[in-house]
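Work through the following exercises with the sequence and the structure in view. Each task is followed by a solution in steps.

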Amino acid sequence: MGLKALDYETMNENVKKVQYAVRGELYLRASELQKEGKKIIFTNVGNPQALGQKPLTFPRQVVALCQAPFLLDDPNVGLIFPADAIARAKHYLSLTSGGLGAYSDSRGIPGVRKEVAEFIERRDGYPSDPELIFLTDGASKGVMQILNCIIRGQGDGVLVPVPQYPLYSATISLFGGSLVPYYLEETANWGLDVNNLRESVAQARFKGITVRAMVIINPGNPTGQCLSEANLREILNFCYQENLVLLGDEVYQQNIYQDERPFISSRKVLMDMGPPISKDVQLVSFHTVSKGYWGECGQRGGYFEMTNIPPKTVDEIYKIASISLSPNVPAQIFMGLMVNPLKPGDVSYDQFVRESKGILESLRRRARIMTDGFNSCKNVVCNFTEGKSLLSTGHSKAFVFCDFFSALLLGYHTGAMYSFPQLRLPPKAIEAAKQAGKVPDVFYCLKLLEATGISTVPGSGFGQKEGVFHLRTTILPAEEDMPEIMSSFKKFNDEFMAQYEDNWNRSRM
């Protein structure tokens, strides 16, 4: 008998090329250690409720009633559920074709898509067409659907920021396309330089690659930059000049903690620019219920909105969506609740505000604990990139720099879930990693995991410049656990640096 279709040697080569660091080597090793009885702190993925964040009460009440509609017939339902939750559950059930157990339209429930369109119009000041909005099983599924339509083969390239969320590199590999990196500048607060974009496109074309689309992640993951209106205008002009589709990953738009640099959608800026650009640039924007203070990752709710996409193309995307019959219906209800929130005067409004505000304030405090913890470590400093020199912080000898996703505590950018420290590893550590057959930041993260149980993601999984190393961790562990976690990190880091630095430390003073 010869090799079979699902033997490793004969399976689709594109599948074998996929790398997904968020659930990669570190995560697998952490899972093994957990099975062996070791306590693992999974900070590798932005999964708030897995780390103790409580779900918001009102949306859970509404979905509970939708899942068990017989409760609405109980004469005592009003003693358990508030009137606005009962009313909203009846509203959403009326929009379905048979409750949450029935398929919806492959684009999503029309009434929920209408609520998404109304949300976008309130946010941007321009009308949105529900027929150009598709509800999806999380934003990731929408990204995959669109990239599948764009990538025709290895000769097609997609501009992706580096560092980037590995959904993009993994999906481009899976569909047989070519990732065209454009590097964000760490020393300029992960800024984007249009000249860098032009250079990336020129290099790709020299290799025979047709660049067809550009991805922006705004606010950024893992880096956290919140693009200004001027940034977005430059990007949209660039896409206009180069005839590129712009994919706007905007899933962290709720994670804003200050007013100085508010989130501005790509679509709003595009519409503000007016013709011909506003009528020409093709834009697909993505959002989700997984992030922000909702944190409903496991519900798998998302949407994408298309701008300037031809009707025949929309029909083809609808056809492909129809293969899966229907997006997750309960998640569509969560999406409706997110984009059509409670209003002042609603019975549950005060509780909803109290809960959501409590989550955001706790994130601030946790970020401060983490910041102070890093700054207390030997050779570690958290650089919030507010123009301070390292000397002004009193840590001129630091060998680990941390640029928080958003500098939320110093009020510069957005606030969210991640820290992305740069690791300046001693040459002996780099050599030890090489001897072990590991990338240096993977080596560091594995040592950290074995010593402390803290599961992170090496920066190499997101892409980074040659010779520069990072790790990404969330700020999501329970607030009461954060001091112990940072103490554990400090102990590991100090011992690791002492083990490998020898005279390197003195030579760099």
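Ala, Val, Leu, Ile, Met, Phe, Trp, Tyr, Cys and Pro count as nonpolar, Asp, Glu, Lys and Arg as charged, and the others, Gly among them, as polar. This is a predicted model, in which local features need pLDDT of at least 70 and side-chain atom pairs count only at pLDDT 80 or more, while totals for chains, interfaces and linings use all residues. Residues are numbered from 1 along each chain as its sequence is written, and side-chain values use heavy atoms, without hydrogens and water.

**Exercise 1. Describe the largest cavity and classify its lining.**

Step 1. On a 1 Å grid over the protein atoms alone, a cavity is a set of points where a 1.4 Å probe fits but cannot get out; a pocket is an open set with protein on both sides within 12 Å along at least five of seven lines, and lining residues have an atom within 4 Å of a point. Grid points are joined across faces, edges and corners, and a volume is the space filled by probe spheres set on the points.

Step 2. The whole structure holds two cavities of 30 Å³ or more, and the largest has a volume of about 80 Å³.

Step 3. Its lining consists of Thr43, Met370, Phe374, Ile454, Thr456, Leu471, Thr473, Ile485, Met486 and Phe489. Sorted by class, these are seven nonpolar, three polar and no charged residues.

Step 4. Helices (H or I, at least four residues) and strands (E, at least two) are DSSP runs, numbered from the N terminus. Helix 19 contributes the most to this lining, with three residues.

**Exercise 2. Characterise the largest pocket.**

Step 1. The volume of the largest pocket is about 580 Å³.

Step 2. Its lining has 30 residues, and Tyr20, Ser140, Tyr165, Lys291 and Arg300 lie nearest the centre. Helix 7 (138–150) and helix 8 (167–174) are the elements that give two or more residues to this lining.

Step 3. By class, the lining comprises 16 nonpolar, eight polar and six charged residues.

**Exercise 3. Which backbone feature is found at Pro275 and Pro276, and which at Asn243?**

Step 1. Most residues other than glycine have a negative phi, and most peptide bonds are trans.

Step 2. Pro275 and Pro276 are joined by a cis peptide bond, with omega about 0°. Pro276 is located in the loop between helix 11 (266–273) and helix 12 (277–280).

Step 3. Asn243 has a positive phi, near 60°, although this residue is not glycine. Asn243 belongs to the loop between helix 10 (229–242) and strand 6 (245–249).
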